[in-house]
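Please read the following briefing alongside the sequence and the coordinates.

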Amino acid sequence: MWEARVKKALAVMIQHNLVKFEASERNNNIAEYSIIHHNVYCLLRYPKYLYMIKRIYGTSEEILLEILLNLGQASASNVIFQSANRLKEANDDSEFSDPSALHKSFLKLAQDNFIIRCPKLADNANIQKVPTLEVEEKEKFTVPHLEIGPIAKLLKENATQLGEHGDSEVIWRVNHERFDVELRNVILVNAAARRVDATAGELYHLILKLWRECSNPDSPTTNALSFNVIKDAVRKNEGSSPVLLEHFEQYLRVLYEDTSSLIIKVGDAGGGQFVLNYSTVFENLACATLDSIVLERFGSKALRLFRLTRIQKFMEQDQMQNIAMIPAKEAKMFTYKLLEHNFLQIKELKKGTSNFAPVKSFILFHVDLPQQVARTALEASYKGLFNAMVRQMHDLTDNKRLLDKHARLETLLETLRGEGLPEDELAYLSDSMTAAEKSLVSRIHSMNDHLTLGQTQADDTILILESYLKFSSMT
């Protein structure tokens, strides 16, 4: 009984790309299963995925992605068929029974690498007890020929299952790495917009598109773009604002002269050569994030000591309090608070004078950003995100009956209001919930909104710190 449940659970997790398997090194006939931690975490980002796709493409692509996320892995024909059924149920228009438009939307998602082929059985898989899976690089984003006619026929017959079809063996899944790149770019665009203004964010978004087309997104530094290429792209872009077209050179100069290193000028050929150093820009973002954490937890004086030590690399206690202009007692208190919470580290240097004289020691404070501080903040962000989720679930579960009652009452009032019921009768129905109950529902909804916002901000912090650690390890 338990064996069957374990097998079913493993099958479900493999179907949803949360678990992978491979032959054991000790015995090739035994499969070893391991969790794909990143994919498990990405479950929290599914709402962001859907919002992003709807913003970039539209509703059809959003439905396709939602179906694929629900299925975990599926063939293109099956995803298109189920998406068409979903649209058909939501809209009584006959045009939604034609899956050709959804086929074009699926092609867009594949061409832009938002979905990717799953590996299939290798040629020699039949002779192995633990099969190996592989997929050729050139086929990862290639959609095979689909038979749209049979799908349209089944939709007209109101069929609920597709059955056997030509591309049954070509399975697709969501490409989390591509979404990570897009979410990363959103953070960079927002940083540019906050640093300068919305028009600078618009220009930076366009430049990021150009960099993505000519560079490997996992490389710590992009390929160089010339001034003329960027200017031509701005002119050809239909969505470019008049302000950007008029003041393009000034905005570009502000971006590459800014200390945040969102753009780095590396040459003068072609009007200027520009690159993006992910390692540098995410180090700056990580530093800003960590400064904010220190400020909120320990105050402005602790932030002054932390920032000063990070800039100066190594500092003694007396040197720190003198340069930061903080009284000795407070400086020592904040220094050891930062040391206790792993925001500062110490290094002991010993200076020997002779064989008979005592050894003199120097205690230096420093900030180990990649190995200690960033990882500590990342762990705290994970804990904060988990705590917010637990608290949100607790509030919603404990008050489920009251929230259901409020939702039913609001639905009833909206329906009766649409039917033209007098306001005095609506007010009488509304009084079926006491003032205390209404106040409690309002507080729960407000708390729920704050917790949801906190989860979103924690996820942004996690993405910044993970990106910094990823790129810093490459340099």
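This is a predicted model: local features need pLDDT of at least 70, side-chain atom pairs count only at pLDDT 80 or more; totals for chains, interfaces and linings use all residues.

Residues are numbered from 1 along each chain as its sequence is written, and side-chain values use heavy atoms, with hydrogens and water left out.

**The chain as a whole**

- The secondary structure of the chain comes to 20 helices and 13 strands, where helices (H or I, at least four residues) and strands (E, at least two) are DSSP runs numbered from the N terminus.
- Along the principal axes, the C-alpha atoms of the chain fill a box of roughly 95 × 70 × 65 Å.
- Of the 475 residues in the chain, 39% are buried, where buried means under 20% relative accessible area, exposed over 50% and partly exposed in between, with a 1.4 Å probe and protein chains only.
- Among the contacts in the chain with a separation of 6 or more, 64% are between residues 24 or more positions apart, a contact being heavy atoms within 4.5 Å.

**Helix packing**

- Helix H9 (residues 198-214) packs against helix H12 (residues 248-257) at an angle of about 80 degrees, with the axes 10 Å apart; axes are lines fitted to C-alpha atoms, for helices over the stretch in contact, and angles run from 0 to 180 degrees between N-to-C directions.
- This angle makes H9 roughly perpendicular to H12, on a scale where under 35 degrees counts as roughly parallel, over 145 as roughly antiparallel, 65 to 115 as roughly perpendicular and the rest as oblique.
- H9 contributes Thr199, Ala200, Leu203, Tyr204 and Ile207 to the contact, and H12 contributes Phe248, Tyr251, Leu252 and Leu255.
- By class, the residues of the contact of H9 with H12 comprise 8 nonpolar, 1 polar and no charged, with Ala, Val, Leu, Ile, Met, Phe, Trp, Tyr, Cys and Pro counted as nonpolar, Asp, Glu, Lys and Arg as charged, and the others, Gly among them, as polar.
- Helix H14 (residues 300-312) and helix H16 (residues 328-340) pack at an angle of about 70 degrees, their axes being 9 Å apart, which makes H14 roughly perpendicular to H16.
- In this second packing, Lys301, Ala302, Leu305 and Phe306 of H14 meet Glu330, Ala331, Phe334, Thr335 and Leu338 of H16, and the contact has 6 nonpolar, 1 polar and 2 charged residues.

**Aromatic pairs**

- A search of the whole structure finds 16 aromatic pairs, where rings of Phe, Tyr and Trp (its six-membered ring) pair if their centres lie within 6.5 Å, and planes under 30 degrees apart count as stacked, over 60 as edge-to-face and the rest as tilted.
- The pair of Phe106 and Trp172 is edge-to-face, because the ring centres are 5.6 Å apart and the planes are at 90 degrees.
- Phe106 lies in helix H6 (residues 100-111) and Trp172 in strand S7 (residues 171-174), so the pair ties together parts that are 66 residues apart in sequence.
- Phe106 is buried at a relative accessible area of 1%, and Trp172 is buried at 0% relative accessibility.
- The pair of Phe114 and Phe179 is tilted, because the ring centres are 4.9 Å apart and the planes are at 55 degrees.
- Phe114 lies in the loop between H6 and strand S4 (115-117) and Phe179 in helix H8 (residues 176-195), so this pair ties together parts that are 65 residues apart in sequence.

**Cysteines**

- The whole structure has 0 disulfides, a disulfide being a pair of cysteine sulfur atoms within 2.5 Å.
- The cysteine sulfur closest to that of Cys42 is in Cys118, 15 Å away and too far for a bond.
- Cys42 is buried, with a relative accessible area of 0%, and Cys118 is buried, with a relative accessible area of 9%.

**Single residues**

- Met315 is in strand S11 (residues 314-315) and is buried at 0% relative accessibility.
- The C-alpha atoms of Met315 and Phe365 are separated by 5.3 Å, although these residues are 50 residues apart along the chain.
- Leaving aside neighbours within four places in sequence, Met315 is in contact with Leu308, Thr309, Met320, Ile323, Ile363, Leu364 and Phe365.
- Ser24 lies in the loop between strand S1 (19-23) and strand S2 (31-35), and is buried at 5% relative accessibility.
- With neighbours within four places in sequence left aside, Ser24 is in contact with Ile30 and Glu32.
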